[in-house]
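Please read it alongside the sequence and the model.

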Amino acid sequence: MRRRQPLVASTVLAVLLGGCFGAGSAHANTAAATALYVDDAANCSDTGPGSQAEPFCQIQPAAQAAAPGDIVHIAGSNTAYAPVTIASMGTADAPITFIAATGTGTEVKVAGQQTTAITFSGAQYVDMAGIEAGSSGATALAFADAQHVTYRVATVRTGATTATTPAIAVDGSSSGIALTRDLVLTTRGLGFASAPGAQDVTLADDHFDWDVGGGITAVGTTGIHLAGDTVSTLCGNAISLTGGTSGSVENTVVMPAGTTTCSRTDTPAEITVDAASATHVTADYNALNPLSTGTDYDWAGTAYATKQAFQAGTGQGTHDLDQTNVTIPVQGSLSEHSPLIDSADAGAPGELSTDYYGRPRVNDPLVGDTGTGDSSYDRGATEFQDPLRVSGIDMGRYPNGYVGVPTTATAQISNPWSDSLDSFTYAFDFGDGTTAASTSGSATHTYTQATGNSYNNVSVVVHKADGTRLGSADDSYQVDPLPALTSTVGCATSPSAPETARCSYDINFDPYTITSDQISFGDGASASPTALSDTVEHTYKAPGTYTVTQKITDSGGRTTTATTRTTVGAAFVGTENRILDTRYGIGAAQRRVGPGAVLRLKILGVSGIPTSEVTAVTMNVTDTDATASSVVTVYPDGTTRPTASDLNFQAGQTNPNLVTVKVGKDGYVDLYNAHGYVDLIADLEGYYTTTSSTTDERMSTLAAMTPTRVLDTRSGVGAPKAKVGPGSVTTVTLPAYARGLATVGAVLDVTVTGGTSNGVISVYCGFGSPPQSSSLNYRAGQTVSNLVVPTVCAGGKFEIYNSAGHVNLIADLQGLYTNEFAGDPNADPTAPSGTPFVATAPTRFLDTRNGTGASAKPIGAGGTLAVKVAGIGGIPLGASAVLVNLTGTGPTTATHLTAFGDGSMPNVSNLNLTTGETRPVLAVVPIDTNGNIHIHNANGSVNVIADLEGYYG
């Protein structure tokens with residue numbers, strides 16, 4: 001006698017599942033039930049006892065041992081179980097149950113190969129769930145003289161090669177057979193066939209797919225009921241009831257399997273009922289979409305292509321749908337607004353309260369109810385469920401979290417049927433051991449540790465108000481160290497708007513919110529940007545160098561400050577014209593300037609110079625016919641005359657020097673002569689303006705650079721190695737980097753040497769005849785230099801005209817005037833960009849004779865003097881260059897001076913001196929990173945004087 005086994009948890013679960021399976025199910029008196037086990041793993045034995053400790057190896061001995069009320073738990077296996085014939089006999093109150101064991105993770109399969117996998121032969125009151133039946137060449141599931149047998153939640157598949165071989169066969173002596181929530185797959189034969197004499201057969205919520213020979217066939221069967229099935233056939237009748245069959249076909253969806261054209265020569269119908277059965281079968285609430293070669297109905301020998309024709313001819317199918325083009329996949333789900341939703345007959349014979357997946361019937365509020373009875377029933381095997389679901393989890397603004405920064409996780413709920421999310425509860429797990437409960441859908445957490453290259457698994461589980469688990473979502477969340485709060489800011493000016501600074505700023509990534517952003521422009525004005533990266537503009541009221549400060553604060557209480565310095569000033573406009581010549585009464589009375597006299601020269605409104613917003617003027621000032629040695633100082637009218645000098649000369653000489661001077665508020669500049677009488681000449685080279693203009697292409701700013709020799713006729717640099725003759729024009733081409741379209745002018749130190757007679761040099765852009773103005777006057781045998789500012793022609797060219805005799809020419813490039821500006825996104829990155837000019841009051845910052853700016857001693861031979869200029873006359877640290885009037889006096893031998901900024905001394909000269917000579921020259925000198933300029937003396941010893949006229953930003 002076999003020993004009874006106690007009920008275990010899986011037994012209880014099987015009983016609970018048994019209550020979910022509609023027609024044909026019977027319920028056991030579980031108090032007397034015995035649990036039997038089948039598992040082909042080690043320790044199994046087909047001789048018993050079938051306990052959990054020593055299970056049966058196969059299903060067959062368990063079936064033979066099962067008594068009424070017993071539950072047989074069959075474990076999943078990597079290999080299929082052998083074919084089984086079940087002749088077990090339960091009772092109405094104590095059926096025998098065969099159920100797939102839970103928790104194995106593997107399906108339970110019975111494989112029959114060329115024989116039937118599962119046969120119910122003489123079985124009575126048997127319930128089988130979750131057991132797959134498969135055969136490669138025969139019927140997979142057969143019922144022979146079986147009574148009250150339910151086969152549910154399972155798969156039946158066959159590879160039978162004949163069109164008449166069914167996957168499921170019910171013989172004529174069987175009755176009370178229920179096939180519910182099953183998937184039936186065939187490659188050639190029928191899906192289901194019942195023989196004459198079979199009674200009380202129910203097929204509910206089943207999927208029949210790819211049934212080549214046809215779907216469901218019943219011949220002479222009494223009481224067959226099809227309710228809520230989905231039948232997809234490749235070629236053949238979906239449903240065929242013949243030979244006096246009685247029953248019903250309701251809520252069933254029939255459709256083609258794929259797009260393959262059926263090769264049959266006849267016209268298969270989706271639902272066929274012969275004349276012997278027509279008066280005994282009810283058909284309604286079905287949905288049909290026939291094969292390309294088929295039709296909807298064949299009823300009592302008449303084909304009906306539409307539901308309207310079918311209803312008119314038979315009175316059946318009042319609520320049918322046809323030509324619905326239903327394209328739901330087998331085991332798939334309906335789509336919202338499908339005509340199959342909420343349109344079934346809830347009272348159809350055999351209809352289940354759950355669908356193929358065991359899900360409840362639900363009413364879709366977005367679809368009109370067209371069914372009968374409970375309006376929540378859908379046609380076919382699947383019920384469209386409430387699309388309410390947990391679709392994800394949102395971790396806030398950034399993909400990563402940051403230590404110390406609150407992170408808010410929000411459950412993403414998709415609820416197309418309702419806007420309400422009331423009464424949901426949310427359980428958050430932040431993956432670092434912290435959990436939080438919420439009723440709002442969000443929870444905030446502050447991480448204290450970075451994850452490095454790993455992640456925290458953040459999750460949320462959502463429950464409805466009744467405790468039903470709605471769903472869950474998770475996210476891999478990396479936590480990084482908190483980045484520092486920093487910002488960068490930089491400003492640039494444009495030649496077309498020289499007093500307007502365009503300040504670009506960029507705040508680095510900050511996981512906190514920026515709560516305050518203030519940019520102060522250094523002149524009392526400020527702005528409050530709203531973006532993390534942008535450009536703001538500000539127009540200053542006065543030229544100068546300003547400190548721009550950006551202060552930002554974030555919601556974490558952190559504050560940082562970024563600063564930059566910007567220089568706004570004036571743009572240079574080159575022009576050439578003689579505006580003063582006391583010899584001929586041009587610009588002043590026709591007489592010499594006497595000792596201690598001041599000549600007032602009108603600047604604004606003269607020779608095309610604007611009447612306002614001009615800060616400084618550049619002109620070549622020449623003394624001639626002096627009666628005594630003297631100095632000339634040029635300075636703004638209305639201001640105190642400075643100690644600086646611009647011209648130093650002896651009686652009878654002619655000496656030029658380029659001068660850049662601020663214009664007085666009244667539009668005049670003053671020229672003071674110290675001794676004797678002298679004629680003064682001034683040739684305009686250009687002016688500096690703060691007026692904004694987008695049309696004047698002459699407006700430019702200076703790009704100071706390391707001095708570079710571009711012409712030396714002594715050695716063949718830039719021109720042939722030969723002196724230039726009288727009336728000749730020498731064309732000079734600038735280096736490649738200086739030839740851009742943005743270059744409008746050049747700053748050159750031009751030297752003549754070895755002239756055979758007295759002459760005049762004019763430097764100009766080569767259009768037309770040489771100008772009447774002069775750039776440099778020289779005497780026979782003299783070496784003399786002067787700074788010139790010519791307009792540059794296309795291709796980076798300019799001309800040098802020599803008036804008389806033969807002379808060698810030298811030209812050293814000190815800077816370029818360009819209408820391009822730094823920060824322009826369209827600028828040539830290889831071309832130099834300029835900075836505006838800030839004119840200053842003439843200020844002496846170096847005099848080696850008395851110790852101003854350096855020791856009171858001359859510069860010796862080969863000596864280099866570093867002179868501090870930052871902080872002198874308002875020159876800021878960071879200025880690119882200074883404009884100085886450089887004077888050498890009392891050299892002990894012929895020499896030359898070279899002024900430069902960083903690096904080694906360039907092979908150029910600014911000022912050439914003979915023994916005992918005093919001579920000035922204007923120079924643009926780059927400033928080194930320490931705020932110094934350097935002055936080198938070649939030979940002997942010499943005292944040096946330097947007067948500041950302005951600086952470049």
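Helices (H or I, at least four residues) and strands (E, at least two) are DSSP runs, numbered from the N terminus. In that numbering, strand E62 provides three residues to the lining of the largest pocket, the largest share. The model is predicted. It holds three disulfides, and the sheets described below include an open one of four strands and an open one of three strands.

**Largest pocket**

- The space in the largest pocket comes to about 370 Å³.
- Its lining consists of 16 residues. Those that lie nearest the centre of the pocket are Thr615, Lys662, Val663, Gly664 and Lys665.
- Two strands, E48 (614-624) and E62 (837-847), each supply at least two residues of this lining.
- Sorted by class, the lining has eight nonpolar residues, four polar ones and four charged ones.

**Disulfide Cys44-Cys57**

- Cys44 and Cys57 are joined by a disulfide, with an S to S distance of 2.0 Å.
- The disulfide is right-handed, because the torsion about the S-S bond of Cys44 and Cys57 is about 95 degrees.
- Cys44 and Cys57 both lie in the loop between strand E1 (35-38) and helix H2 (59-65), so the pair ties together parts that are 13 residues apart in sequence.
- The relative accessibility of Cys44 is 22%, so this residue counts as partly exposed. Cys57 has 15% and therefore counts as buried, since buried means under 20% relative accessible area.

**Disulfide Cys491-Cys503**

- A second disulfide links Cys491 with Cys503, at 2.1 Å from S to S.
- About the S-S bond of Cys491 and Cys503 the torsion is about 105 degrees, so this disulfide is right-handed.
- Cys491 belongs to strand E39 (residues 487-494) and Cys503 to strand E40 (residues 497-507), so the pair ties together parts that are 12 residues apart in sequence.
- Cys503 counts as buried because its relative accessibility is 1%.

**Disulfide Cys765-Cys793**

- In the disulfide formed by Cys765 and Cys793, the sulfur atoms are 1.7 Å apart.
- The torsion about the S-S bond of Cys765 and Cys793 is about 125 degrees, so the disulfide is right-handed.
- This pair links distant parts of the chain, 28 residues apart. Cys765 is in the loop between strand E57 (759-764) and strand E58 (776-778), while Cys793 is in the loop between strand E59 (784-788) and strand E60 (797-802).
- Cys765 and Cys793 are both buried.

**Four-stranded sheet**

- Four strands form an open sheet in the order E47-E52-E49-E50, and their pairing is antiparallel.
- Strand E47 (598-602) and strand E50 (647-649) are the edge strands, and each pairs on one side only.
- On average, and with direction ignored, neighbouring strands of this sheet are turned by 20 degrees against each other.
- Strand E49 (residues 630-636) runs antiparallel to E50 and is joined to E50 by three bridges.
- Val632 has Leu647 in E50 as its bridge partner.

**Three-stranded sheet**

- The order E30-E32-E35 describes an open sheet of three strands with antiparallel pairing.
- Its edge strands, E30 (389-394) and E35 (442-446), each pair on one side only.
- From one strand to the next, the twist averages 25 degrees.
- Five bridges connect strand E32 (residues 406-414) with E35, and the two run antiparallel.
- Opposite Thr407 stands His445, which is in E35.

**Val659**

- Val659 is placed in strand E51 (residues 655-662).
- Its relative accessible area is 0%, so Val659 is buried.
- Val659 and Leu883 are 224 residues apart along the chain, and 9.6 Å separates their C-alpha atoms.

Key. Residues are numbered from 1 along each chain as its sequence is written. This is a predicted model: local features need pLDDT of at least 70, side-chain atom pairs count only at pLDDT 80 or more; totals for chains, interfaces and linings use all residues. Side-chain values use heavy atoms; hydrogens and water are left out. Two strands pair if DSSP finds at least two bridges between them. Axes are lines fitted to C-alpha atoms, for helices over the stretch in contact, and angles run from 0 to 180 degrees between N-to-C directions. A disulfide is a pair of cysteine sulfur atoms within 2.5 Å. Buried means under 20% relative accessible area, exposed over 50%, partly exposed in between (1.4 Å probe, protein chains only). On a 1 Å grid over the protein atoms alone, a cavity is a set of points where a 1.4 Å probe fits but cannot get out, and a pocket is an open set with protein on both sides within 12 Å along at least five of seven lines; lining residues have an atom within 4 Å of a point. Grid points are joined across faces, edges and corners, and a volume is the space filled by probe spheres set on the points. Ala, Val, Leu, Ile, Met, Phe, Trp, Tyr, Cys and Pro count as nonpolar, Asp, Glu, Lys and Arg as charged, and the others, Gly among them, as polar.
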